[in-house]
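Take a walk through the structure shown here. Begin with the overall make-up of one chain, then move to single contacts.

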Amino acid sequence: MNIFLHELKANLKSLIIWGVIMVVFVVIGAAKFSAYAGNPEMLSILDAFPKAMLEALSMIAFNLTTVTGFFGIMFVYFALMGAIAAAMWGSGIISKEERDKTVEFSLVLPVSRTRVITAKALAGLVNCIAFVLVTWAVSLVVVQPYAPDAAFYSFLRMEMAALFIIELIYLAVGLLLGCAMQRYKLSGATAVGIILVTYFLSIVVSLDSKLDFLKYFTPFKYFDASQFFRMGHFDLVYLLLSAAIIVLSLVVAYLSYNRRDLYI
Amino acid sequence: MSATIYKHEFFSRLKSVLVWSVSLMLLVLFFFSIFQSFADQAALLNEMMAQFPPALLEAFGITKTDLSSVLGYFSFLLVFVQLCLAIQAGNYGFGLVSIEETELTADFLLTKPVSRLQIITSKLLVAFSCLLLTDLAVTASTFIAIALLSGGRPYDTGTLGLLLVSMLILQLFFLSVGMVISLLVHRVRSVTPYSLALGFGAYILAAFSGIFGDVKLEYITPFKQIDAAYIVLHNAYDMPLLLVNLAVTVVALLASYALYLRRDIPTAS
């Protein structure tokens with residue numbers, strides 16, 4: 001419990017910064033959207049774009065002149081920022097002890113390594129929940145002038161659920177890196193690599209249909225806003241895949257941290 | 001400039017340079033490997049776009065980048081290369097001075113018979129050489145990719161040169177801005193979150209402005225100041241914005257020198 005509270009406090013500044021970033025981002029986006037709302041000329045331009053191009057920009061299936069379409073586009077950026085935040089929290093919360101040379105202190109406390117990781121993982125989880133809630137709240141505020149219908153609210157709810165799952169994936173992978181990497185410097189660098197590679201994959205996949213199989217390797221493609229907008233629910237395959245990644249990462253993280261020679 | 005520091009720093013960065021260079025070379029080659037099939041589709045787009053009045057397209061920020069041409073496609077993929085380069089340069093910039101302080105070696109360095117001016121100059125030169133090496137790797141892979149995978153489509157070498165040089169301008173921006181931020185904040189504990197936030201922040205602002213119309217705010221992001229699409233379209237840099245970019249770089253660089261020379265360096269105690 002003490003470790004949990006301590007970690008929450010230590011990460012509070014980072015959480016506040018991310019919260020502010022999300023608020024600013026949504027507000028800027030909404031300001032831009034005001035130029036679009038109900039503009040039919042824009043729609044005809046978008047209709048003329050070829051499919052690959054739109055998909056690369058993830059604009060397919062969305063009518064940009066409505067709030068629903070607008071939030072469909074925003075989702076890619078939500079997901080990207082959520083993933084960065086979660087991966088940084090996950091890898092940093094473990095590896096910072098070694099970087100700051102405080103890991104030996106946490107080892108002399110009367111708690112097992114397992115409990116240390118659990119407390120830290122829970123602190124990361126709380127951060128992710130707060131991240132989603134902030135994004136959700138500010139989204140609800142900025143759409144008020146456009147008086148959206150019930151369909152929009154349920155779509156937004158799904159979007160936030162998807163954002164949360166993506167965050168969980170990256171948090172778990174981040175924790176795994178922090179726990180398993182022998183050298184603390186590498187865990188942050190690897191996290192950056194994973195974010196960049198998965199993000200680029202998500203773009204490349206839509207450029208060429210031959211590369212379709214690659215979509216299983218990038219969580220950004222697991223939750224495609226246009227897809228769950230059309231279907232009204234998530235794809236079960238991807239939900240299971242996400243759960244598998246999260247569970248597997250956590251299990252390996254616990255196992256490796258318990259047996260690891262910590263850098264003092 | 002001290003040769004010892006330069007050598008030491010260079011070899012400690014070498015692995016990172018190699019990893020970034022190889023990844024970026026693969027990125028360029030991979031993108032170009034799907035160029036041919038993509039180009040045919042893009043040609044259709046150009047025909048359709050011709051139907052709309054240009055003023056309208058411009059108002060909504062849709063650039064007339066021709067993705068079926070070599071340079072148009074390259075400018076599209078260059079954005080992703082730039083994102084990587086920005087993060088790499090940010091890493092070096094944020095870490096340049098702060099890494100000695102987190103690893104508690106800063107005071108050791110200061111006991112050496114070198115001035116602070118020499119220390120920071122040598123370290124900057126190392127970072128610069130490393131970025132330049134990465135640039136060369138990207139340049140080499142670009143020429144290889146175009147030669148092998150573009151199907152012999154024509155392109156303008158001068159414009160390609162401008163695009164490739166723009167990478168260096170972008171890197172210098174993130175290097176110097178990263179460094180000045182690292183000297184302004186109280187303490188940089190970990191470099192990656194900072195460089196990620198700076199790199200991705202600038203990227204998202206730019207990418208976002210590509211989709212949504214005309215808001216001047218995005219001119220603060222270097223990705224727009226050296227917009228690859230603009231360079232391809234006009235065969236030149238957007239001069240006023242380029243000058244803004246260079247001015248920020250120079251000011252950040254000078255400020256870093258001033259701050260570092262007067263900095264209160266924490267000791268390992």
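What follows goes from chain A as a whole to one of its residues, and then to a helix pair in chain B.

This is a predicted model. Start with chain A. Chain A holds 11 helices and zero strands. Read from the N terminus, its elements run α-α-α-α-α-α-α-α-α-α-α. Chain A has 264 residues, and 45% of them count as buried. Now look at how its contacts span the sequence. Take the contacts between residues at least 6 apart in sequence: 78% of these join residues at least 24 apart.

Next, pick out Ser256(A). Ser256(A) sits in helix α11 of chain A, which covers residues 236–259. Within 10 Å there are 14 other C-beta atoms, so Ser256(A) is partly exposed. Set aside the neighbours within four places in sequence, and Ser256(A) is in contact with Cys179(A) and Ala180(A). Ser91(A) is 165 residues from Ser256(A) along the chain, and their C-alpha atoms are separated by 14 Å.

Turn to chain B. Helix α6 (residues 116–149) of chain B packs with helix α7 (residues 157–184) of chain B. The angle is about 150°, and the axes lie 10 Å apart. Angles over 145 degrees count as roughly antiparallel, and α6(B) and α7(B) are therefore roughly antiparallel to each other. The crossing of α6(B) past α7(B) is right-handed.

Which residues meet there? On the α6(B) side they are Ala127(B), Leu131(B), Asp135(B), Val138(B), Thr139(B) and Thr142(B). On the α7(B) side they are Leu164(B), Met167(B), Leu168(B), Gln171(B) and Leu175(B). The residues of this contact comprise seven nonpolar, three polar and one charged.

Notes. Residues are numbered from 1 along each chain as its sequence is written. Chains are lettered from A and ligands numbered from 1 in the order in which they are written. This is a predicted model: local features need pLDDT of at least 70, side-chain atom pairs count only at pLDDT 80 or more; totals for chains, interfaces and linings use all residues. Axes are lines fitted to C-alpha atoms, for helices over the stretch in contact, and angles run from 0 to 180 degrees between N-to-C directions. Helices (H or I, at least four residues) and strands (E, at least two) are DSSP runs, numbered from the N terminus. Angles under 35 degrees count as roughly parallel, over 145 as roughly antiparallel, 65 to 115 as roughly perpendicular and the rest as oblique. A crossing is left-handed if the near helix is turned anticlockwise from the far one by less than a right angle, and right-handed if clockwise. Two residues are in contact if their C-beta atoms, placed from the backbone, lie within 7 Å. Ala, Val, Leu, Ile, Met, Phe, Trp, Tyr, Cys and Pro count as nonpolar, Asp, Glu, Lys and Arg as charged, and the others, Gly among them, as polar. A residue is buried if 20 or more other C-beta atoms lie within 10 Å of its own, exposed if 12 or fewer, and partly exposed in between; C-beta atoms are placed from the backbone.
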